[in-house]
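Here is a short tour to read with the model open beside you.

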Amino acid sequence: MNATAAPLHLVCPHCGTTNRLAPDALDRAPDCGRCHAPLFTGAPVALDEAGLRKTIERSDLPVLVDFWAPWCGPCRAMAPQFEAAARELEPRVRLVKLNTEETPALSAAMNIRSIPTLALFSGGREIARQPGAMGAADIVRWARAHLPR
């Protein structure tokens with residue numbers, strides 16, 4: 001690990017282990033130290049409530065969440081756009097999907113009033129929110145505009 005840079009903590013989307021990585025390791029397609037699965041796949045990761053909370057609270061990278069539901073036409077239309085945005089934003093941002101039908105209490109606690117809704121988290125707290133379907137370029141532009149410098 002680079003002695004001059006603080007390690008990054010990154011929660012594995014497959015097993016939930018918190019990994020410590022040198023910042024420059026992000027560019028080398030890192031694997032989880034426990035389950036050896038890739039930490040990034042160029043696609044959003046579907047998480048449950050516990051996985052989302054852990055990812056937001058313990059990951060040093062910003063986390064972009066797509067709150068969606070299977071019955072929502074605009075959500076389904078935005079899904080490939082969100083996937084395309086993941087290919088561009090990873091590994092500097094973790095992109096995840098949360099099915100609001102499976103997590104109604106969490107969705108209510110996070111004040112999700114409409115879907116799809118994008119929420120960007122950094123340092124364990126929400127820093128930006130955008131309701132409505134967006135194209136891939138708009139998602140990338142919006143996320144980058146709100147990322148911490």
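Over the ring of which residue does the charged end of Arg 94 sit? The ring belongs to Phe 40, and the charged end of Arg 94 is 4.4 Å from its centre. Please keep in mind as you read that this is a predicted model.

## Charge and rings

The Arg 94 and Phe 40 arrangement brings a charged group together with an aromatic ring. Pairs of aromatic rings are another matter: the count for them comes to 0, taking centres within 6.5 Å as the cut-off.

## Where H2 meets H4

Now turn to two helices, H2 (residues 73-89) and H4 (residues 136-146). Their axes come within 8 Å and cross at roughly 50°. That angle makes H2 oblique to H4, and the crossing in which H2 passes H4 is right-handed.

Which residues make this contact? From H2 come Met 78, Gln 81, Phe 82, Ala 84, Ala 85, Glu 88 and Leu 89, while H4 brings Ala 136, Ile 139, Val 140, Ala 143 and Arg 144.

## Two cis peptide bonds

Two prolines deserve a stop on the tour. The peptide bond from Glu 90 to Pro 91 is cis, and its omega is near 5°. Pro 91 is in the loop between H2 and strand E5 (94-99).

Ile 115 and Pro 116 are also joined by a cis peptide bond, here with omega of about -5°. You will find Pro 116 in the loop between helix H3 (104-109) and strand E6 (117-122).

## A positive phi

Finally, visit the loop between strand E2 (18-21) and strand E3 (45-46), where His 36 is placed. His 36 is not a glycine, yet its phi is positive, at about 65°.

Definitions and conventions. Residues numbered from 1 in each chain as written. Predicted model: local features only at pLDDT ≥ 70, side-chain atom pairs only at ≥ 80, totals over all residues. Heavy atoms only, no water. Axes fitted to C-alpha atoms, helices over the stretch in contact; angles between N-to-C directions. Helix = DSSP H or I, 4+ residues; strand = E, 2+ residues; numbered from the N terminus. Parallel < 35°, antiparallel > 145°, perpendicular 65-115°, else oblique. Left-handed = near helix turned anticlockwise from the far one by under 90°. Contact = heavy atoms within 4.5 Å. Phe/Tyr/Trp six-rings, centres within 6.5 Å; stacked < 30°, edge-to-face > 60°. Lys NZ or Arg CZ within 6 Å of the ring centre and 35° of its normal.
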